[in-house]
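I opened this model to look up its strands, one of its helices and its nonpolar cores. My entries are set down in the order in which I consulted them.

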Amino acid sequence: MSTIFGRLADLLWPRVCAIESCNRTSDRDGRHVCSRCLATFPFHEGGGSCRVCGGLVTADVRHDFTCETCQTEPPAYEFARSAVLYGEPVDRLIQDFKFRKATWLCEDLVDLLEGAVRAKLDFPSIDVVVPVPLHPKRERERGYNQSALLAVALAKRLKRRFDHRALIRPRDTEHQARLSGDDRKNNLRDAFAVAEPQWIRGRTILLVDDVMTTGSTLSHCARPLLKAGASRVWCATVARSVLRS
């Protein structure tokens with residue numbers, strides 16, 4: 001029924017593509033990014049990626065490898081994968097979705113996320129989908145947790161259980177984007193905890209976030225999940241910053 005109403009609404013009020021420079025009507029049913037703009041997204045084509053964190057390199061590497069960072073400081077999670085590189089025009093969509101209440105972009109972003117999970121992870125093995133949590137104060141200020149919106153929609157598509165209560169953020173922290181290096185790691189120390197371990201023990205957890213930069217946030221989230229008894233923690237994000245080499 002909701003699909004019928006959605007199509008009727010599209011006929012009465014056609015969706016204009018969300019990419020600022022486009023102005024065409026979206027030709028993708030129920031979506032806000034047209035197919036022509038979608039084709040310009042910075043998907044990873046060719047080159048190599050770290051088998052652990054999924055980080056891509058700009059050098060002419062044609063095979064998977066383990067990057068130096070993952071060799072010297074292995075993350076707590078087993079694998080992390082992303083749909084696209086964090087660049088134009090995806091970066092603007094994510095910023096609007098995250099900071100400017102453009103929650104109507106969720107399904108477009110979940111399309112990317114779902115494609116990455118199905119193509120790059122053994123998704124039938126996933127038991128529970130968990131979002132990276134916000135501190136309650138930060139969530140009240142923003143009005144929502146963008147990672148939770150992505151995670152609940154993804155869980156529905158994968159037909160997996162969504163759990164926003166298992167992992168919590170009891171300590172408020174500085175924005176990671178404002179920090180670098182060791183400051184990022186120290187900022188997140190003991191920032192996350194497991195509230196309901198009974199839903200975690202023995203399960204493969206898919207941890208969901210919007211953007212992965214260094215992977216510090218995801219690794220700090222994975223650590224208490226594993227300590228609480230999770231068998232594996234995999235990570236999926238819409239976008240990933242590129243590793244320069």
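The entries below begin with the basis of the model and then turn to its parts.

**Basis.** I note that this is a predicted model, in which local features need pLDDT of at least 70 and side-chain atom pairs count only at pLDDT 80 or more, while totals for chains, interfaces and linings use all residues. Residues are numbered from 1 along each chain as its sequence is written, and side-chain values use heavy atoms, with hydrogens and water left out.

**Strand 2.** I took helices (H or I, at least four residues) and strands (E, at least two) as DSSP runs, numbered from the N terminus. Buried here means under 20% relative accessible area, exposed over 50%, and partly exposed in between (1.4 Å probe, protein chains only). I looked up strand 2 (residues 128-131) and found both faces covered, with Val128 and Val130 buried on one side and Val129 and Pro131 buried on the other. In a regular strand the side chains alternate between the two faces of the sheet.

I then checked its partners; two strands pair if DSSP finds at least two bridges between them. Strand 2 runs parallel to strand 3 (residues 161-162), joined by 2 bridges, and Val128 stands opposite Arg161 there. Strand 2 also runs parallel to strand 6 (residues 204-212), with 4 bridges; Val208 of strand 6 is the bridge partner of Pro131.

**Helix 9.** I found 12 residues in helix 9 (residues 216-227) and a reach of 17 Å from first C-alpha to last, close to the expected 16 Å. The expected span is 1.5 Å times one less than the number of residues. Of the 12 residues, 9 are buried, among them His220, Cys221 and Leu225.

Just after helix 9, Gly229 takes a positive phi of about 115°. I located Arg201 in the loop between strand 5 (193-194) and strand 6. The C-alpha atoms of Arg201 and Gly229 are separated by 4.2 Å, although the two residues are 28 apart along the chain. Counting contact as heavy atoms within 4.5 Å, and leaving out residues up to four places away in sequence, I find that Arg201 touches Ala228, Gly229 and Ala230.

**Cores.** A nonpolar core is a set of buried Ala, Val, Leu, Ile, Met, Phe, Trp, Tyr and Cys residues joined through side-chain atoms within 4.5 Å. The largest has 39 residues, and Phe41 and Val208 are among those with the most contacts inside it. Helix 5 (106-120) is one of the elements that give two or more residues to this core, and helix 5 gives the most, with 7 residues. A second, separate core of 28 residues includes Val128 and Leu225.
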